[in-house]
Amino acid sequence: MQKLPFDTVLIANRGEIAVRIIKTLRKLGLRSAIIYHEVDAATLAVSMADTAIALEGSSPIAAYLDAEQIIASARRANVGALHPGYGFLSESAEFARAVASAGITFVGPTPESIELMGDKIRARRFVQQAGFPVAPAAVEEDEPETFVSRARDLGLPLLVKPSAGGGGKGMQIVRDLGTLDDAIAQARREGLRYFGDGRLYVERCAEKPRHIEVQVLGDSFGNVVHLFERECSVQRRFQKIIEETPSPALSAELRKRVCEVAVGVARNANYRNAGTVEFIFDGHEFYFLEMNTRLQVEHPVTEMVTGIDLVAEQLHVAAGHELALSQSDIVSNGHAIEVRLYAEAPEREYAPTTGKILMLEYPECEGVRIDSGIVQGQKITTAFDPMLAKIVVHSATRREAALKAAHVMRQLVLLGCETNADFLARLLMDDTFLSGQIHTGYLDENPHLAIGQCGSDLPAILAAAALLTKPVRDSADAVPKLHAELGKWRN
Amino acid sequence: MRHSFALNAESYELWLSPGQRDYRLHFGGEVIAPVALSHHFNGSGMLEIASETVSVRFAIDGDVLHLHIHGRTHILRYRDQLREFDLSEVLASHDAAQAPMPGVVVAVRVSRGDAVSPGATLMLVESMKLEFVVRAPRGGVVDRVHFEVGESFEQGAALVTFSDERR
């Protein structure tokens with residue numbers, strides 16, 4: 001790999017992704033700097049970074065969104081580049097511009113690409129005009145007075161989406177036209193609140209849709225390659241919980257086609273950086289959904305099967321170098337599955353949980369990668385996203401990978417905060433999941449999967465609880481031995 | 001003396017009695033013996049139950065017990081009978097819409113004195129950037145709204161309480 005024109009990189013992020021970026025920086029012999037809010041002072045990312053700079057903020061999230069303060073910190077740490085991670089400021093064109101004007105390399109796309117793809121209505125139009133398939137939709141701003149009637153004409157089910165944002169926030173599904181008005185009002189309210197943008201569009205939703213996305217990588221010379229697809233159809237509330245590659249839904253021919261369309265979209269947009277082109281696949285056809293102009297949460301599955309370090313590639317192209325990889329260099333081996341360990345209770349409609357990590361032990365096995373930013377003693381609050389860690393497994397086949405991942409989820413010990421670990425293990429061993437017949441409504445159609453049962457473990461659980469609870473032991477010890485023996489007699 | 005543990009919204013009554021060198025567990029009309037926990041240091045132990053030996057990881061946080069047994073995590077709460085008596089008095093006379101999770105109030109739809117029917121929308125709350133509706137657990141008259149817009153609350157907090165007058 002060519003030498004990079006910077007020796008220190010600031011990470012404008014936190015948690016597992018900050019840890020993951022630091023690992024690549026170390027591998028490349030670069031120094032890392034990180035910004036953090038005081039609630040994160042004791043986290044792994046802050047202790048691993050070579051330099052850590054505390055931010056002031058009215059709330060933890062406000063600190064990580066404070067572009068001015070972050071750029072001032074980058075200057076103070078004298079960094080040559082800034083990696084935004086995902087979320088927070090990673091898809092803010094304004095931030096990318098401000099970083100560049102401060103003379104710092106932004107490890108991401110050009111501000112123009114962010115602007116184009118960040119506005120979903122604009123991105124949709126761009127992709128359609130370039131001749132690629134998009135889902136049938138009604139865009140409000142095309143003719144606001146006929147928006148609702150155009151939406152009705154699309155046919156059920158419908159998906160109401162804000163033009164800004166991502167990550168499923170603000171999206172509303174409509175299965176009954178009577179609820180369309182309410183769904184529009186709620187999507188608009190959430191769009192305004194989270195993204196300051198109330199513009200909407202409505203798409204017709206495919207039946208049993210599958211979420212398939214393609215990882216692309218582009219440089220400043222117009223070269224774009226793909227690193228194959230990922231399938232992320234197992235979702236709750238439009239948020240992914242299991243991601244894998246390759247997709248069990250695609251034939252070799254469909255795989256080739258969807259990857260070529262993704263490369264075409266990125267090339268048309270003069271895309272530089274790692275990026276993801278997302279599609280909805282209805283079993284026959286696929287439609288462009290949106291393009292994410294950043295590293296994705298689920299990027300490790302791609303790294304596992306291709307052996308390519310996406311963060312290293314991001315740094316390489318951000319530095320202005322030409323991609324060293326050509327399409328024929330990129331080969332996918334075996335199957336990789338990622339599961340997201342969340343602080344949440346699946347049996348209570350995936351409600352977020354809180355607590356303090358009292359015990360944390362990750363199993364070590366070959367072919368298993370755990371990206372985690374948490375440490376024992378850390379408090380889990382609702383200040384941030386509930387994701388605690390990502391468990392990524394690589395095996396020869398899909399079935400092997402799923403069963404190995406289930407085994408790892410059972411071996412993993414995290415005490416002190418309720419998590420979805422047991423639920424994930426159940427999903428990975430579910431017949432429908434193992435058959436590959438999944439779609440984005442899979443969890444809604446199988447609500448029983450969210451409920452765990454103690455079953456035959458109940459006596460062991462209660463015995464351990466009794467033996468570990470002092471008042472319970474004390475009242476047994478208070479019974480004189482002889483009396484206890486008599487008691488047995490009487491029974 | 002009977003003791004009580006809550007697990008997955010169920011309550012289990014049990015007690016231990018002394019055995020030869022260990023204990024016997026009395027639960028659900030059965031006696032399971034012997035039960036013993038050995039080598040428990042650093043949150044790690046071997047549970048002996050009847051003729052089986054099971055590895056157990058555990059953490060204790062006040063009345064709450066976190067257990068990892070046979071690859072699964074369970075959270076139990078030891079129900080201190082004296083303390084729960086106080087709480088039940090308050091709940092019996094008021095009834096409350098409780099927070100299913102920690103979060104922030106986004107909108108309040110009722111005020112003191114309002115008569116509501118079961119399932120009526122009381123509040124919109126937000127947690128982890130998601131919006132949830134808090135509904136009335138029963139019909140009644142709103143006695144108090146405990147949190148205003150923008151205020152945050154913990155899991156289990158009473159958000160809205162009702163008086164006993166029913167319509």
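Which order do the strands of the open sheet of chain A have?

## The sheet in chain A

The order is E14-E13-E10-E11-E12-E15-E22-E20, an open sheet of 8 strands with antiparallel pairing. This is a predicted model: local features need pLDDT of at least 70, side-chain atom pairs count only at pLDDT 80 or more, and totals for chains, interfaces and linings use all residues. Residues are numbered from 1 along each chain as its sequence is written, while chains are lettered from A and ligands numbered from 1 in the order in which they are written.

Strands (E, at least two residues) and helices (H or I, at least four) are DSSP runs, numbered from the N terminus. Two strands pair if DSSP finds at least two bridges between them. Strand E14 (286–292) and strand E20 (368–372) of chain A are the edges, and each pairs on one side only. On average, neighbouring strands are turned by 25° against each other, direction ignored. The angles are taken between axes, lines fitted to C-alpha atoms (for helices over the stretch in contact), and run from 0 to 180 degrees between N-to-C directions.

## One strand pair

E10 (residues 210–218) and E11 (residues 224–236) of chain A pair in the antiparallel sense. They share 6 bridges. Ile212(A) has Glu231(A) of E11(A) as its bridge partner.

## Where the chains touch

Contact means that C-beta atoms, placed from the backbone, lie within 7 Å. By that rule, 44 residues of chain A meet 50 residues of chain B. H17(A) gives the largest share of the chain A side, 10 residues.

## Domains of chain B

Chain B has domain 1 (3–79) and domain 2 (94–163), with bounds from an automatic or database domain assignment. Their C-alpha centres lie 36 Å apart.

Note on methods: Contact = placed C-beta atoms within 7 Å.
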